[in-house]
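I opened the notebook to look up a few things about side chains and their surroundings. Here is what I wrote down, entry by entry.

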Amino acid sequence: MHTVWKGNLSFGLVNIGIKLHSAIEDKDVKLIGIHKDCLVPIQYEKVAPGCEEGPVEPEDIVKAYQYGANKYVIVSEEELSILKREYEVESVDLISFVQLEEIDPIYFERSYFINPMEGSERTYVLLRQALERTGKIGIVKISLRSRQHLAIIRVYKHGLILETIHYPDEVRSLQQVSNLPSEEQVTIQMKELIAATTLINQLTVPFVPEDYKDEYRTALLDLIETKIEKEDVQVKSVINPDKENIISIMEALNKSIEQTKPEKSPKAKSTSKTKKATS
């Protein structure tokens, strides 16, 4: 697995050398846009609408924050580098410990497997066993992908996992959702509630992740495989540049030869006619 981050995890005065590996694998079936006649992938140019200079070059792009209509604050790469160095978390400290049930799932973002570096196996197992024994999870701050994250560390099977979580101000309030019905507005009959509860209990089963599959992705892959087997595919014809060049040269030479052929003079034509008449 690719190492996303490596450094020290501090547990009081105990330091654990760790590496993080992404626990999530994106398995989306990626379809690209191509021209239906030429079978060439479509490219999207970076342009500035209203600017007559055409495609924008990478060196002409700067980062900015829009704080109003047509109002921007430009932030230089140097300023961003200074901030990154100042606030980048190179060593992860366990700030506090809480119960996992205290964090609503809406806060969870992305998961990473924690792997101990060589020499840190004993302290790694110590932390895992301590978390398992207490039933707690650890709260940490860490810098990943050029930004600072809030995260938790918890036991996952026989190892440890780090999960980044959203900051409170990133989670929108439910009050922003309009027209949510309240219990004061809607009356539920007791028999309806009992029936719904009974149905939920009857459909309650142990959670087995392997029982759930992405049916759309599976069907799309089956469709693609079927098209390949039936040879229902489009193959872009590639012209050999050298062959094309040779043909072009030969055509040009033949045309040149035709154009440069010497024309027969009228005198020569009349002489030949005279010889035929004499004979």
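**Entry 1: the exposure scale.** Before reading any residue, I noted the cut-offs: buried is under 20% relative accessible area, exposed is over 50%, and partly exposed is in between. I also reminded myself that this is a predicted model.

**Entry 2: a surface patch.** I looked up isoleucine 188 and found a relative accessibility of 56%, so isoleucine 188 counts as exposed. Isoleucine 188 sits in the loop between β10 (159–165) and α3 (190–202). I then asked which residues make the nonpolar surface patch of about 490 Å². The patch is formed by Val186, Ile188, Met190, Leu193 and Ile194.

**Entry 3: aromatic pairs.** How many aromatic pairs does a search of the whole structure find? I got two.

I took phenylalanine 11 and phenylalanine 97 to begin with: their ring centres are 6.1 Å apart and their planes stand at 75°. Planes over 60 degrees apart count as edge-to-face, so that is what I called this pair. The pair links distant parts of the chain, with phenylalanine 11 in strand β1 (residues 3–11) and phenylalanine 97 in strand β6 (residues 96–99), 86 residues apart.

Next came phenylalanine 113 and tyrosine 156, whose ring centres lie 6.0 Å apart with planes at 35°, so I noted the pair as tilted. Phenylalanine 113 belongs to strand β7 (residues 108–116) and tyrosine 156 to strand β9 (residues 147–156), so the pair ties together parts that are 43 residues apart in sequence. Phenylalanine 113 has a relative accessible area of 26% and is partly exposed. Tyrosine 156, at 32%, also counts as partly exposed.

**Entry 4: helix α2.** I counted 14 residues in helix α2 (residues 121–134). From first C-alpha to last, α2 reaches 20 Å, close to the 20 Å expected at 1.5 Å a residue.

Which residues of α2 are buried? I listed Tyr124, Leu127, Arg128 and Leu131.

Last, I looked at what follows α2 and found glycine 135, with a positive phi near 70°.

Key: Residues are numbered from 1 along each chain as its sequence is written. This is a predicted model: local features need pLDDT of at least 70, side-chain atom pairs count only at pLDDT 80 or more; totals for chains, interfaces and linings use all residues. Side-chain values use heavy atoms; hydrogens and water are left out. Rings of Phe, Tyr and Trp (its six-membered ring) pair if their centres lie within 6.5 Å; planes under 30 degrees apart count as stacked, over 60 as edge-to-face and the rest as tilted. Helices (H or I, at least four residues) and strands (E, at least two) are DSSP runs, numbered from the N terminus. Buried means under 20% relative accessible area, exposed over 50%, partly exposed in between (1.4 Å probe, protein chains only). Patches are made of residues with over 30% relative accessible area and no salt bridge: like charges are joined within 9 Å, nonpolar side chains (Val, Leu, Ile, Met, Phe, Trp, Tyr) within 5 Å. Accessible areas come from the Shrake-Rupley method with a 1.4 Å probe; for residues, only the protein chains shown count as cover. A salt bridge is a side-chain nitrogen of Lys or Arg within 4 Å of a carboxyl oxygen of Asp or Glu. The expected span of a helix is 1.5 Å times one less than its number of residues.
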